[in-house]
Amino acid sequence: MPLPPEDRQLSPRTGWTREHWEVTADELLAAVRPYASPGHALIDLPGDRPSWSGRRSDGLEGFARTFLPAALRIAGAHGADPHGLLERYAAGLDAGTRTPTSERDLANGDRESWPPITDRGQAMVEAASIAFALRLTRPWLWDHLDMPVKERVGGWLADALHRDPNDNNWHLFPLAVGGFLAEAGIEEKAARAAVRRGLERIDRFYLGGGWYTDGRPRAFDHYNGWALHLYPVLHAHLSGDGDLLAEYGSRLATHLAGYAHTFGGDGAPVHQGRSLTYRFAATAALWAGALTGHTPLPPGTTRRLASGALRYFLDRGALDAHGLLTLGWHGPEPRLVQPYSGPASPYWAGSAFLGLLLPPDHPVWSETERPAPAETRDTVLALPQPGWLLQSTAEDGLVRLHNHGSDDQPADTVLPDNPHYARLAHSTATGPTHEGIADNHLALLVDGQPTERGRIGFLGAGDGWAASTWRPRAGGRELPGVTVTSLTLAHGPDDVRVHLVTGAASGTPVRHGGWAVAGSETEAGPAAFARADGRLSSELRALHGFSAAGTTAVPGGTAYGSRALLPFLTGTLPGDTALLACAARLTGTDGLHPLDALGFTVEPGETWRLSIRWPGGTALCAYIAPGRVSLGPKG
């Protein structure tokens, strides 16, 4: 079914309306239909990269993750089901639960049975989507199932109440199951206990300011929106529990006040964190706020952000020739895919259709679109809980995220850097490099090999700045006695990055990468400058401590294109205490002031005094010492 014509009067920014969302949902669901098993219990999507849970689990994932958007589509239409979705998913519930079986039995010709729910097993994740889908469609599906089917489905789901989840957002999966089973009268005591237990667990992760860490000490990413906020708020909404909704809805509203600034003017969510193949699931929290009334955003802004994100991906090749979501970002991109993901994993994006629960006359659908926060004015916004500094520019709509607080490192060990967490900065228009010189990273070179950032110690974030401390690592170990205190200052399209390195040997080589820009055409300019497709440019300028500059091709490109260029700086540490500083710019705007118009002076001491004058005249002073940073007006 073709998309309806754009409506630029109602939606001047995206052209999309509720009807576009309905047609998109219908097309996504129709595309997976040929891959369903004869009994509709497994949807085995094509792909040569199964998840680590195996093909049967991946088939269950295909069923569960498409069942949820199907349920949202049907519930939003008050039970209307012209495409026969309910019949197929009801058949799948029946066939999948007849003889739950393990992956090793797949070769025996059983093409229907679901795997059992086990401790920390993937089936627990998918059970949550099935449970929410059953709650949403109960009057039209569950209430019409034969009793033996209800008993089998209920028994399969109930195993989630008695199995151990991973110690992160997974605590919400038994909660989702418990919410449905309690209403259905199945193991009610255990079901209600699972709900209480899930809420208690995630309360331990809540750091205030609308932000959860995802189990680990400092793991901040899109899971805040599409899981840690979405699940408790949706459960409270479906339960009709006003007190619960007030508590978790207020957290969501606080979160959205900052989160709305992470979407670019082109609709792109910021490219940071894991499970990025879920793509427009990043809009689920926006819709949850509108659905429950717990949002600071005007209805027209909510729709503009959500429709912008959906269009962003669909317009850039997220679907293959068969209409299937691929494992990637724009198109396929295996380097950003985690081992737990299989061919159907991208359909977590189905939660983005939550907005269809709102009727056509709701203001979120009927009011005129408003600009996204990134389109209204240049903004620098500190988010202290995740340790982020958001920087956006209205003319090009770019959002840059300066990271001084999210590393996704376990509490009891330090893993190798994950480029989607460890970088100093991420954005809505660039992805990290995976080979060659690391983008947005300061490396000391030890025997020619670059150090990693490791665990990030957040120092603070405020008006136009954020800072952290870290211990460079090489060969899986910290460099003895070496610490780096890092400070980012942001203004307009520019940012200044300052690093105070202590304890390193005199003569140690250093290297700093800037923003990696990708496109079908790239060109390098003088010194550390690169441009992609004639519009997006990246520049890096030495301010103190660096001695040379260059631009290099990125092997394999980034998630934004197979051709990419990266500006970088190099230098040598003069002693065991050294200050390094550079100015960086990522922009889609021509005719800006030269980056070297930025004023920067240094006064060494036990505490180094930095004087910065941004082009246009704004000036400030910063003070940096090992493990300490403070700011003040220029004196």
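Reader: Is Asp 266 buried, partly exposed or exposed?

Author: In this predicted model, the relative accessibility of Asp 266 is 38%. Buried means under 20% and exposed means over 50%. Asp 266 therefore counts as partly exposed.

Reader: Where in the chain is Asp 266 found?

Author: Helix H9 covers residues 242-259, and helix H10 covers residues 284-292. Asp 266 is found in the loop between helix H9 and helix H10.

Reader: How many Å apart in space are Asp 266 and Thr 14, C-alpha to C-alpha?

Author: In sequence, Asp 266 and Thr 14 are 252 residues apart. In space, their C-alpha to C-alpha distance is 9.2 Å.

Reader: Why is the chain described as being as compact as a globular protein of its length?

Author: The chain has 14 helices and 24 strands. For 635 residues the globule rule gives a radius of gyration of 26 Å, and the chain is close to that value, so it is as compact as a globular protein of that length. The radius of gyration of the chain is 25 Å.

Reader: What percentage of the residues in the chain is buried?

Author: A residue counts as buried under 20% relative accessible area. Of the 635 residues in the chain, the buried ones make up 62%.

Conventions:
Residues are numbered from 1 along each chain as its sequence is written. This is a predicted model: local features need pLDDT of at least 70, side-chain atom pairs count only at pLDDT 80 or more; totals for chains, interfaces and linings use all residues. Side-chain values use heavy atoms; hydrogens and water are left out. Helices (H or I, at least four residues) and strands (E, at least two) are DSSP runs, numbered from the N terminus. The radius of gyration is taken over C-alpha atoms; the globule rule is 2.2 Å times the number of residues to the power 0.38. Buried means under 20% relative accessible area, exposed over 50%, partly exposed in between (1.4 Å probe, protein chains only).
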